[in-house]
Amino acid sequence: APNISVAAVQADLAQLQSIATANGGNRAHGRPGHKASVDWIKGKLDAAGFTTRVQTFTSSGATGYNLIADLPGGDTNNILMTGGHLDSVTAGPGINDNGSGSSSILEVALAAKASGVAFTRHLRFGWWGAEELGLVGSTFYVNSLSSTEKSKIKTYLNFDMTGSPNPGYFVYSGASQPTGSVAVQQTLTGYFTSIGVQTELTEVGGRSDHAAFARAGIATGGTFSGAEVIKTAAQAAKWGGTSGTAFDRCYHRSCDTTSNINATSLDRQADAIAYTVWTLGA
Ligand code: PHE
Ligand code: ZN
Ligand code: ZN
Ligand code: ZN
């Protein structure tokens, strides 16, 4: 798998920050900054040769948008899907939550295309709307699929918050999720082990979009660098950073800007996503 350029991911985050700044300071569902974020990512994918589609839905009286991108090729009866939410809360620009996962997935998708690798599985990518209103966009997408289409998605990987400023390295527990995948968990942890980074398993429950796929019986996995929970002394000893402070002090706040990103976490996580897509998609 390629080493994803953290500079490219950071440039995407700067673009999402500019979009928020130009649109009232956020990229929230029903606000122009969300649609502008969708349009910008779609433009990059279209230029690279992806087949893209914007799916609309209504939530809380506003139109919401999901962006779905397919890399032509591979077995369309055996889909590996990777996604994260692109909406922010209204309080701020949502650069860690979840510009980070969104930008990393974008760079992995572009790298997959640029590599020319003939992946055995069909690769699909998704950027969900209205996650912050309760997994609305991802749930709408899953419910929009026929049972046949649903059954073709064999695995869903979710990335929501990957550049927390006081980062942890959490991998979704395969054993505890309704349809958690131990294979996905082991692929993700295996990558971090290979670069000398310890991980902890986390019971992410229904807190992000993987839950919409899990409810449909699809195998899921993902990673997370931490939100409002306080880093312990033991965690600071293995990961560095500051104990007694939140993984992300700016979680759901106006200060979740490009200053609220740990570049090492962002880089390692983007590389972990690429490794996992290459390993499981091969
Ligand atoms: N989904 C949460 C949010 O967007 C963040 C989160 C992600 C929490 C993963 C736990 C695990 O606010
Ligand atoms: Zn990298
Ligand atoms: Zn959030
Ligand atoms: Zn989130």
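User: How many bridges join strand E6 (residues 170-172) to E7?

Analyst: This is a predicted model, in which local features need pLDDT of at least 70 and side-chain atom pairs count only at pLDDT 80 or more, while totals for chains, interfaces and linings use all residues. Residues are numbered from 1 along each chain as its sequence is written, and chains are lettered from A and ligands numbered from 1 in the order in which they are written. Helices (H or I, at least four residues) and strands (E, at least two) are DSSP runs numbered from the N terminus, and two strands pair if DSSP finds at least two bridges between them. E6 and E7 run parallel, with Phe170 opposite Glu200 in E7, and the number of bridges that join the two strands is three.

User: Which strands stand at the edges of the sheet?

Analyst: The open sheet has eight strands in mixed pairing, ordered E1-E2-E4-E3-E5-E8-E6-E7. Each edge strand has a single partner strand, so one side of it is left without a neighbour in the sheet. The two edge strands are E1 (51-59) and E7 (200-202).

User: By what angle are neighbouring strands of this sheet turned against each other on average?

Analyst: Axes here are lines fitted to C-alpha atoms, for helices over the stretch in contact, and angles run from 0 to 180 degrees between N-to-C directions. For neighbouring strands of this sheet direction is ignored, and the average turn is 25°.

User: Which strands does helix H2 (residues 32-48) touch as it packs on the sheet?

Analyst: Two residues are in contact if their C-beta atoms, placed from the backbone, lie within 7 Å. The direction of H2 makes about 15° with that of E2. The strands that H2 touches are E1, E2 (62-71) and E4 (121-128).

User: At about what angle to E8 does helix H6 (residues 182-194) run?

Analyst: Helix H6 lies across strand E5 (153-159), E6 and strand E8 (219-224). Its angle to E8 is about 30°.

User: In what sense do E6 and E8 run, parallel or antiparallel?

Analyst: Strand E8 also has E5 as a partner, and these two run parallel with five bridges between them, Leu157 being the bridge partner of Gly221 in E8. On the E6 side, Phe170 stands opposite Phe224 in E8, and the two bridges there join strands that run antiparallel.

User: Which residue of E4 is the bridge partner of Leu71?

Analyst: Eight of the eight residues of E4 are buried, so this strand is largely enclosed by the rest of the structure. Strand E3 (residues 75-85) pairs with E4 in the parallel sense over eight bridges, and Met81 stands opposite Arg124 in E4. E2 pairs with E4 in the antiparallel sense over five bridges, where the partner of Leu71 is Leu123.

User: Is Ser60 buried or exposed?

Analyst: Strands E1 and E2 pair in the antiparallel sense over nine bridges, and their hairpin has two residues between the strands. Ser60 lies in the loop between E1 and E2 and has a positive phi of about 50° although it is not a glycine. With 10 C-beta neighbours inside 10 Å, Ser60 counts as exposed.

User: How many residues of H9 are buried?

Analyst: The expected span of a helix is 1.5 Å times one less than its number of residues. Helix H9 (residues 263-281) has 19 residues and reaches 26 Å from its first C-alpha to its last, close to the 27 Å expected at 1.5 Å a residue. H9 is mostly covered, and its buried residues number 15 of 19.

User: How many residues of the shell around ligand 1 are charged?

Analyst: A residue counts as near a molecule if its C-beta atom, placed from the backbone, lies within 6 Å of it, and ligand 1 is surrounded by Asp97, Glu131, Glu132, Asp160, Met161, Val204, Arg207, Ser208, Phe224 and Ala227. Ala, Val, Leu, Ile, Met, Phe, Trp, Tyr, Cys and Pro count as nonpolar, Asp, Glu, Lys and Arg as charged, and the others, Gly among them, as polar. The shell holds four nonpolar residues and one polar residue, and the number of charged residues is five.

Definitions and conventions. A residue is buried if 20 or more other C-beta atoms lie within 10 Å of its own, exposed if 12 or fewer, and partly exposed in between; C-beta atoms are placed from the backbone.
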